[in-house]
Amino acid sequence: MKQLIIIFAMALTLNLAADYAFDFQAAKKLYSQRKYAEAQQTFEELAKVAPTPGAKSETLAQAALAINAQKQYDKALEAAKAIPDQAVAARCQMEIMAQNNKHADLLNTFSGEKIENWPDRFAYKGFLMRAWAYYHVRKYQEALTDVRKAIPDIGGDAMARAEAYHLEGDIYSSLKEKDKAIESYKNAVAVTGVKTYGHYLQSVLKCAALLRETGKPEEALKILEPVQKTHPGLFQSSIYEAYGDSYLALGRKAEAKAEYQKAIDEKGAPSRIVDRVKKKMEEI
């Protein structure tokens with residue numbers, strides 16, 4: 001009889017955990033659909049029945065982020081501070097501050113945070129968020145220190161790895177260390193599976209620009225090849241412009257004009273890019 005009770009209890013626990021996991025994903029779907037108030041309410045209700053303390057904290061973190069998405073910054077921060085797990089609470093507060101571009105606030109609160117003591121599964125996110133904050137306030141050495149701490153622990157998160165290398169490239173570029181910036185951008189480009197991701201595409205464009213600046217337009221053309229056709233509009237017009245700049249640096253004016261014309265004709269191209277490219281064409 002005792003053994004049957006144990007088996008029943010285990011089955012019930014597994015069933016509850018499965019229900020929780022299903023409902024958690026349903027709440028995340030509400031968030032992705034921008035139904036933030038519904039997502040918040042669902043996460044808050046789920047937190048009451050979370051199967052473990054860790055699950056409860058993560059669920060409350062999602063609820064706080066849903067509050068923030070409703071443009072209730074102060075309320076979201078208060079919700080994040082109330083999360084039982086201190087590391088999850090700190091991470092969530094940093095996310096909310098980062099999403100609101102509160103870089104100085106993030107550093108005032110968390111510059112001394114012992115992120116290395118956070119769980120390995122998300123410590124890299126803390127280092128990366130703080131690195132971005134340092135970068136935005138132009139504390140480049142501190143930003144470099146944190147991004148270097150983030151990179152080794154990222155693991156299989158391809159988007160985070162591309163973002164980290166991209167940030168490292170931006171830091172080196174700001175420090176006028178062009179060769180190191182090029183290497184970092186190349187590392188971002190080398191990350192697989194993210195060829196339509198913003199930081200990947202920006203890394204390609206910034207790397208190509210630095211290669212041209214350092215007298216390597218042929219190499220710039222080569223790094224542009226994988227993104228000849230990506231997103232319509234902003235990125236595609238920027239890629240055509242980069243091709244034009246690279247051909248122009250090689251003295252291949254006809255090919256440069258052809259690429260510039262593609263940038264102008266690209267549907268959804270921002271007016272600032274169109275105006276800039278038209279001026280380049282006039283000067284050829």
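Biologist: At 1% relative accessibility, does H166 count as buried or exposed?

Modeller: Start with the cut-offs. Buried means under 20% relative accessible area, exposed means over 50%, and partly exposed lies in between (1.4 Å probe, protein chains only). H166 counts as buried, because its relative accessibility is 1%.

Biologist: What should I know about the model itself?

Modeller: It is a predicted model: local features need pLDDT of at least 70, side-chain atom pairs count only at pLDDT 80 or more, and totals for chains, interfaces and linings use all residues. Residues are numbered from 1 along each chain as its sequence is written, and side-chain values use heavy atoms, with hydrogens and water left out.

Biologist: Where is H166, and what is it in contact with?

Modeller: Helices (H or I, at least four residues) and strands (E, at least two) are DSSP runs, numbered from the N terminus. Contact means heavy atoms within 4.5 Å. H166 sits in helix α9 (residues 158–174). Leaving aside neighbours within four places in sequence, its contacts include W132, Y185, H199 and K206.

Biologist: How many helices and strands does the protein chain have?

Modeller: The protein chain has 15 helices and zero strands. Buried residues make up 44% of its 284 residues.

Biologist: How do I read a nonpolar core?

Modeller: In soluble globular proteins, nonpolar side chains tend to be buried together. A nonpolar core is a set of buried Ala, Val, Leu, Ile, Met, Phe, Trp, Tyr and Cys residues joined through side-chain atoms within 4.5 Å. Here the largest one has 80 residues. Those with the most contacts inside it include C92, W118 and L167. Helix α7 (residues 120–136) gives the largest share, 11 residues. A second, separate core has 11 residues, among them Y20 and F43.

Biologist: What does L167 touch?

Modeller: Not counting residues up to four places away in sequence, L167 touches L128, A131, W132, Y135 and V147.

Biologist: Which residues of helix α15 are buried?

Modeller: An α-helix has 3.6 residues a turn, so residues three or four places apart point the same way. In α15 the buried residues are I273, V274 and V277. They lie on the same side of α15, because they cover an arc of only 95° around the axis. That arc is taken from the directions from the helix axis to the C-beta atoms.

Biologist: What covers them, and what is on the face turned away?

Modeller: The cover includes α13 (234–249) and α14 (253–265). The face turned away from the buried side carries the exposed residues S271, R272, K279, E282 and E283.
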